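Here's a quick briefing to read alongside the sequence and the model. Have a look at the fold, then work through the points below.

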Amino acid sequence: LMNQTIWSYIKTLAASASWRLPIAILLTVSLSFTIGAELVLLIPLLQFIGINVGSGGIGRVASFVASGFKTVGLQPSLAAILTLYVVIMTLHVLLYQFQSVFHTDLRTRFANRMRERLYRAIANMNWLFFARKKSSDFTHLLTEEIDRIDSLTHQFLASATDMLVAPVYILVAFKISPVLTIVAFLGGGLLLFVLKDHTKKAHVMGERIAEVTSSLYGAAIEHMGGMKTAK
């Protein structure tokens, strides 16, 4: 049931976002690559200020950067590396600003579309079923629960991007230190196994929070209505 809900959410998001979804993911991937490029360029910069990076994985990364400069016909000098670093950092800032606006617009459009669909469903539902439900339940769905979908969309975009960028980071990590990379994988797998039961509990608690919050909305609305009548 949970997997069906997730797939239904993804399909609805893809249909709603249309061409905006791949652009949103592409922006975040590009942003991640600029961060990686900044980190890689720091290694030859350390060499120029006199720090020995060694001949291991970090040394190979420094050699890779130097060969990249030579491929385009540039000498890997301090001025050239600093200039490229500033350009990439500027691009990173511009991408981050544009991504923030674009993601917010995508999430807002999707949340509004879901709110409109939910409102139409409420308006067209069977009268008997509608009459048996409290108005606060529908108010809670149209406000709090839609806001949770908005937060979920933010997390989904971040997770989808991480899955796309992860292979690149893993490859770089293996180049620097295969042993530490394997240790990190084993540690991550162990952590997932340990937290497996906690994830299930979190899912159950999330459903319980939704129920309690709905009751809280109902109590608050009834209380304010009663206070208005009394005054």
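Thr 34 has a relative accessible area of 6%, so it counts as buried, the cut-off being under 20%. Bear in mind that this is a predicted model. Thr 34 sits in helix α2, which covers residues 20-48. The rest of the briefing starts with the contacts of this residue and then moves on to the whole chain, the aromatic rings and a helix pair.

**What Thr 34 touches**

- A polar atom of the Thr 34 side chain lies 2.5 Å from the backbone oxygen of Leu 31.
- Side chain to side chain, Thr 34 also makes a polar contact with His 92, at 3.1 Å.
- Leaving out residues up to four places away in sequence, Thr 34 touches Ile 88, Leu 91, His 92 and Leu 95.

**The chain as a whole**

- What is the chain built from? It has eight helices and zero strands.
- Reading from the N terminus on, the elements go α-α-α-α-α-α-α-α.
- The chain has 231 residues, and 27% of them are buried.
- Take the contacts with a separation of 6 or more: 79% of them are between residues 24 or more positions apart.

**Aromatic rings**

- How many aromatic pairs does the structure hold? There are four.
- In one of the pairs, Tyr 9 and Phe 110, the ring centres are 5.9 Å apart and the planes stand at 75°, so this pair is edge-to-face; the cut-off for that label is over 60 degrees.
- This pair ties together distant parts of the chain, with Tyr 9 in helix α1 (residues 2-17) and Phe 110 in helix α4, 101 residues apart.

**Where α4 meets α6**

- Helix α4 runs over residues 78-123 and helix α6 over residues 135-176; their axes come within 9 Å and cross at roughly 145°.
- The crossing of α4 and α6 is right-handed.
- On the α4 side, the residues in the contact are His 103, Leu 106, Arg 107, Thr 108, Phe 110, Ala 111, Met 114, Arg 115, Leu 118, Tyr 119 and Ile 122.
- On the α6 side, they are Phe 138, Leu 141, Leu 142, Thr 143, Ile 146, Asp 147, Ile 149, Asp 150, Thr 153, His 154 and Leu 157.
- By type, the residues of this contact split into 13 nonpolar, five polar and four charged.
- Phe 110, from the edge-to-face pair with Tyr 9, is among the α4 residues that meet α6.

**Arg 107 and Asp 147**

- Arg 107 is in helix α4, and Asp 147 is in helix α6.
- Which of the categories does each fall into? Arg 107 is at 18% relative accessibility, so it counts as buried, whereas Asp 147 is at 42% and therefore counts as partly exposed.
- From C-alpha to C-alpha, Asp 147 and Arg 107 are 10.0 Å apart in space, and they are 40 residues apart in sequence.
- Not counting residues up to four places away in sequence, Arg 107 touches Asp 150, Thr 153 and His 154.

Definitions and conventions
Residues numbered from 1 in each chain as written. Predicted model: local features only at pLDDT ≥ 70, side-chain atom pairs only at ≥ 80, totals over all residues. Heavy atoms only, no water. Axes fitted to C-alpha atoms, helices over the stretch in contact; angles between N-to-C directions. Helix = DSSP H or I, 4+ residues; strand = E, 2+ residues; numbered from the N terminus. Left-handed = near helix turned anticlockwise from the far one by under 90°. Contact = heavy atoms within 4.5 Å. Nonpolar A, V, L, I, M, F, W, Y, C, P; charged D, E, K, R; others polar. Phe/Tyr/Trp six-rings, centres within 6.5 Å; stacked < 30°, edge-to-face > 60°. Buried < 20%, exposed > 50% of the residue type's maximum accessible area, 1.4 Å probe, protein only. Polar contact = N/O pair within 3.5 Å; in protein donor to acceptor, adjacent residues only side chain to side chain.
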